[in-house]
Amino acid sequence: MEVYDYRQELIDLLNNTADDPQSLLQTQRSLTTILNILNHYQESTPVKQDAPRFVQRKIQTANELPPQARKTLKSLLTGPTSVKETPGPTVTLSASTSAPKTITEEERLAADNRYLVHRKLSGAEINHRYYPEAILHALPFPVEDGDIAQLDYEQKVRGLPVIRRITGDHLSDYTPEKVNVIEYGELKRVPGSDVLQLSKTIKGNSIVDEAPANTIVIDPFKYPGRDIKPGMVIDFAYYDHGNGLADAKDGSIRWIHEKQDYDTTKQPVKPKSVKKPTNPRHDYEKKLDYDLHQRKVLVITGIRSKVKGLKPVVDKHHGLFRGLDASAEEKVSSSKLKREIRDADFVIVCIDAIHHRISQLANHHAKRYEKPLAIANITSNTAVERAIARALNGDPAYAESSEDLKNYK
């Protein structure tokens, strides 16, 4: 039996087959047709049952096949050609290029655990999971249709990932459905009926408050297991399609409030009266009655305009004032600080406007020369006066409280 040597053409065909479904299907159809053609022109001599259908005994060239079969086989193996057939190399199939996959907005957000919120009349659907209204009501922020919620899969509530926050993202191709909510509506029984009606709210700002005839009938049997009764205060949600009360009648109860949420009968707690102190907080004339006996007080501050204004504080207590302007850090060297501190009897550092390096150097040199040092949190007459008193009495450098001078009477 003679067969056509089709191996190279099959290799070219498979190499030029892409991984998309259309290309794979086309190759499958070509292979099926090729087998049918080869079997058709095979010699009719019987072949053993257990032998392969195609046994290579003598290689037949392509020109030895009938012209029509050769043309069909060549077209199937190499693909359609755009040029006229001429003797020579055959034209091979061009590889079909698959288009790059486009990442959608939802896929980009999902990479960071952010998902679109589909708000319902009660509850919401986020990432194909239903979140009941009880979970949404407990959140410290509102959740609306079209919002993007970030989920935390490390923490769960009722078996659902925790809603960590509502981001500022929005999908450009999603139009949120408008949902109106009638808040704090009071349920009343319809006379002579088992149904209830919603005719007014505590806030007085909904569609049922606009006119006495605007009422919404609510059937308690529509909400099994919720034990709807007259006197309850509810939130009622409906899709707003621009039809007013007709849309509201197709709504649903979103939330049932507890009594403490809306009870207005409780009397407000009266604020307790605070007694004014007998001695004003900033009256230190009697408390800070100390005498410096002409000893030198060095005051280091970073506010140049207040350096001279601190001199009367030291003069009042019979001391000698020495001010050091530390507003420009680069002009205050360690040697300059050392000279000033060595010549002083007390060192006061106002830390509100100086560099940390200067306060550290001042503390270092004061310890080295055994000079009492105190810290004033702000550059003011009162703070400096209190700091001098602490340095004079050997108290801690920092003020322990706002009443740290209660012992200086």
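In this predicted model, 4 bridges join strand β13 (residues 296-301) to strand β15, and the two strands run parallel.

Strand β15 itself spans residues 346-350 and is mostly covered. Of its 5 residues, 5 are buried. Phe346, Ile348 and Cys350 point one way from β15. Val347 and Val349 point the other way, and these too are buried.

β13 has a further partner. β13 and β14 pair in the parallel sense, over 6 bridges. One of the facing pairs is Ile300 and Leu324, the latter in β14. Together the strands form an open sheet of 4, in the order β14-β13-β15-β16, with parallel pairing. The edge strands are β14 (320-325) and β16, each of which pairs on one side only. From one strand to the next, the twist averages 20°.

Helices accompany this sheet. Helix α9 (residues 334-343) lies across β13, β14 and β15. The direction of α9 is at about 150° to β13. Helix α10 (residues 356-368) takes part in a right-handed β-α-β unit with β15 and β16. α10 lies across β13, β15 and β16, and runs at about 160° to β16.

Nonpolar packing was examined next. In soluble globular proteins, nonpolar side chains tend to be buried together. The largest nonpolar core in the model has 20 residues. Those with the most contacts inside this core are Leu292, Val297, Val299, Ile348, Val384 and Ile388. The elements that give two or more residues to the core are β13, β15, β16 and α11 (381-393). Of these, α11 gives the most, with 6 residues.

Val299 illustrates how such a residue is surrounded. Its neighbours within four places in sequence are left aside here. Beyond them, Val299 is in contact with Leu310, Phe321, Arg322, Gly323, Leu324, Ile348, Cys350 and Val384.

Asp227 has a positive phi of about 50° although it is not a glycine. Asp227 lies in the loop between β10 (216-218) and β11 (233-239). With a relative accessible area of 47%, Asp227 is partly exposed. Gln294 is not a glycine either, yet has a positive phi of about 65°. The loop that holds Gln294 lies between α7 (259-262) and β13. Gln294 is partly exposed as well, with a relative accessible area of 49%.

The chain has 11 helices and 16 strands. Of its 409 residues, 36% count as buried. The accessible surface comes to about 26400 Å². Carbon and sulfur atoms account for 50% of that surface. Contacts between residues at least 6 apart in sequence were also sorted by separation. Among these contacts, 62% join residues at least 24 apart.

Methods:
Residues are numbered from 1 along each chain as its sequence is written. This is a predicted model: local features need pLDDT of at least 70, side-chain atom pairs count only at pLDDT 80 or more; totals for chains, interfaces and linings use all residues. Side-chain values use heavy atoms; hydrogens and water are left out. Buried means under 20% relative accessible area, exposed over 50%, partly exposed in between (1.4 Å probe, protein chains only). Two strands pair if DSSP finds at least two bridges between them. A crossover is right-handed if, with the strands pointing away from the viewer, the path from the first strand over the helix to the second runs clockwise. Axes are lines fitted to C-alpha atoms, for helices over the stretch in contact, and angles run from 0 to 180 degrees between N-to-C directions. Contact means heavy atoms within 4.5 Å. A nonpolar core is a set of buried Ala, Val, Leu, Ile, Met, Phe, Trp, Tyr and Cys residues joined through side-chain atoms within 4.5 Å. Accessible areas come from the Shrake-Rupley method with a 1.4 Å probe; for residues, only the protein chains shown count as cover.
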